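Dear colleague,

I am handing over a structure for you to look through, and my notes on its aromatic rings follow below.

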Amino acid sequence: MVKDIEKIVSLCKRRGFIFPGSEIYGGLANSWDYGPLGHLLKQNIKKEWWKFWVQERADMVPMDAAIIMNPKVWEASGHLQNFSDELVECKKCHHRFRSDHLLEAESLRPEYDKGNPKTISEVKCPDCDGALTDPKHFNLMFKTFLGTNEDSATTAYLRPETAAGMFVNFKNIQTATRRRLPFGIAQIGKCFRNEITPGNFIFRTREFEIGEFEYFINPKDWEQTFEMWLSEIKRWWQDIMQIDMDNLVWHEIEDGERAHYSKRTVDIEYKYPFGVKELHGIAYRTDFDLTRHQQVSGADLQYLDPETNEKFLPHVIEPTFGIDRMLLVSLLEAYSEEEAPTSEAGETEARVVMKFPKHLAPIQVAVLPLSKKEELSSVAKEVANDLRKYFSVDYDETQSIGKRYRRQDEVGTPYCVTFDFESLEDKKVTVRDRDTMAQDRVEISALKDYLQSKYA
Ligand SMILES: [Zn+2]
């Protein structure tokens, strides 16, 4: 794994994975735009996520809720009340505190001079002694207005999480799909949080994508269900994302540190170049959310067990994944620098290879004619166009073949197809493997099947 995040930031910009947002206008702090390759990588991660967590499971259904919801939703979820405190944030460790809590803690110190009370600007971070930002009355939700009047009656919010969309649709989905417990509702979507201090490339941004699901259960089953999801999460990282599992830290959140309604929470953390920080999490949220939505909406959200005739509010286990963080991790894991042999016997040169798992690579096949000459390029383009129906394909005919291989290695293309003058005679091409750099001579007519077998 790469130790220097700047190497990733620079590769991402140079090769079109991720650009600084609105760059020609001087940028917009901590906003990033996914370029062609970043978009493809993100699509692939989301595709695998849907397949693993939803398509392959009999107990999961997908949905896609609106980003702007009735503001009462945020009253029920607690976001309206709890996100509007006066906050300060540590400039060093980014922990965020309520100003009144910090001042109260200060006043309890034995050496505190009551005759000369401290102001918040004199207080340091209680966790790391870093300097604090100026206090701000802060609601993390982005506010907007519905219609033309900008007043409190028309105030609405961009969702700060996707979970609410699944809770408010619980009854509709359960009725429409006639699901019995246990079952889950899954969603991928954009969320918005007006973070005081975002940073570390795409680690913390003000708009981000989340993939998560709410798994509705009978509370008597919560412990074994939690364990089941934990082991599925391990399988996800090991088999699908194929990361070095030593880079994960399984952080069991202690009693007293969890949200008051949660009986168990595990943060899955990752050893980023900038420290061990959260990657995603799983929480047993009891019936907190459905209870709140039932109270505030007045709707009956109870579930009637058809076998026992018992009526109750289902409990929920919620695994949450940040799509952008998973993408960051896939970049960090893939990056490698190594010495590769050149065409000169015994010579080597440095190459940067993004060793993405094949199914995540943004470009699956690159077609490279040995020369730009019309007689080669016209046929090579035809081959590339045929492959485009099945694969994400790049066609490149500029500069030496060695340089083109390096360019494809640097974006993680698993297979390069080289078209040479001999190809015109024997109707065969050379297929080069990104990782082993081994080359196969393959019939053009069998090329599609050959490549598909590699991706099977
Ligand atoms: Zn701090």
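Which residues form one aromatic cluster? The cluster is formed by W49, W50, F52, W53, F213, Y215, W229, W236 and F321.

Before going further, please note that this is a predicted model, in which local features need pLDDT of at least 70 and side-chain atom pairs count only at pLDDT 80 or more, while totals for chains, interfaces and linings use all residues. Residues are numbered from 1 along each chain as its sequence is written, and side-chain values use heavy atoms, with hydrogens and water left out.

Rings of Phe, Tyr and Trp (its six-membered ring) pair if their centres lie within 6.5 Å, and planes under 30 degrees apart count as stacked, over 60 as edge-to-face and the rest as tilted. By this rule there are 28 aromatic pairs. One of them joins F170 and F183, and this pair is stacked because the planes are at 15°, with the ring centres 6.1 Å apart. It links distant parts of the chain, since F170 lies in helix 7 (residues 170-177) and F183 in strand 9 (residues 183-192), 13 residues apart; helices (H or I, at least four residues) and strands (E, at least two) are DSSP runs, numbered from the N terminus. Both F170 and F183 are buried, that is, under 20% relative accessible area with a 1.4 Å probe and protein chains only, where exposed means over 50% and partly exposed in between.

F170 also forms a tilted pair with F216, at 4.5 Å centre to centre and 40° between the planes. Here F216 belongs to strand 10 (residues 207-217), 46 residues from F170, and F216 is buried too.
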